[in-house]
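Colleague: I would like to learn how to read the features of this model. Please take them one at a time, with the general idea before the case.

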Amino acid sequence: MLQHPTDILRPTDILRPHDVAVLAARRASMPMASRSVREQILWSGFYAAGLIGALLIYGLLQERIMTIPYGGEVFQFSVFLVYANRIAAVGFAIVMVILHGEPLTCEAPLWKYLIISFSNVYAS
């Protein structure tokens, strides 16, 4: 029935799993400002929990790598783990930019990235 997120849903339409996915994509593409305050709070909490959960898993894995001996030796260089993480993040970001058809050049002035860059380096 629905082929694109902009298609109109009629009361007589029978929804298939594909239609539900289209409706979910339509809802996800709505700007945050057009959602209710309650929904914004719930989504913000969901995203925050996901971020904290990902950081928790990352920390636990890094701790495990640093404390378990490999071939009788303990991994010594945590800086390499951070570097490998950054390389993987850059690779993932490039793939996502290409998949979404976004430009690879910076759209914002470089000085606007300063705070993010400092916090990233400080956290490492």
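Modeller: Start with the rings. Rings of Phe, Tyr and Trp (its six-membered ring) pair if their centres lie within 6.5 Å; planes under 30 degrees apart count as stacked, over 60 as edge-to-face and the rest as tilted. Here, ring pairs link Trp43, Phe46 and Tyr47 into a cluster. This is a predicted model, in which local features need pLDDT of at least 70, side-chain atom pairs count only at pLDDT 80 or more, and totals for chains, interfaces and linings use all residues. Residues are numbered from 1 along each chain as its sequence is written, and side-chain values use heavy atoms, with hydrogens and water left out.

Colleague: How many aromatic pairs does the rule give?

Modeller: The count is four aromatic pairs. For Phe75 and Phe80, the ring centres are 6.4 Å apart and the planes stand at 45°, so this pair is tilted.

Colleague: Where is Phe80 found, and which patch holds Phe80?

Modeller: Helices (H or I, at least four residues) and strands (E, at least two) are DSSP runs, numbered from the N terminus. Phe80 lies in helix 3 (residues 78-99). Like charges are joined within 9 Å, nonpolar side chains (Val, Leu, Ile, Met, Phe, Trp, Tyr) within 5 Å. Phe80 forms a nonpolar surface patch with Phe77, Tyr83 and Ile87, and together they have about 490 Å² of accessible area, by the Shrake-Rupley method with a 1.4 Å probe, where for residues only the protein chains shown count as cover.

Colleague: Which residues are buried in helix 2?

Modeller: Glu39, Gln62 and Met66 are buried there. In the protein, buried residues make up 9% of the 124 residues.

Colleague: What is the overall pattern along the sequence?

Modeller: The protein reads α-α-β-β-α-α, with four helices and two strands.

Methods:
Buried < 20%, exposed > 50% of the residue type's maximum accessible area, 1.4 Å probe, protein only. Patch = residues over 30% accessible without salt bridge, like charges linked within 9 Å, V, L, I, M, F, W, Y side chains within 5 Å. Salt bridge = Lys/Arg side-chain N within 4 Å of Asp/Glu carboxyl O.
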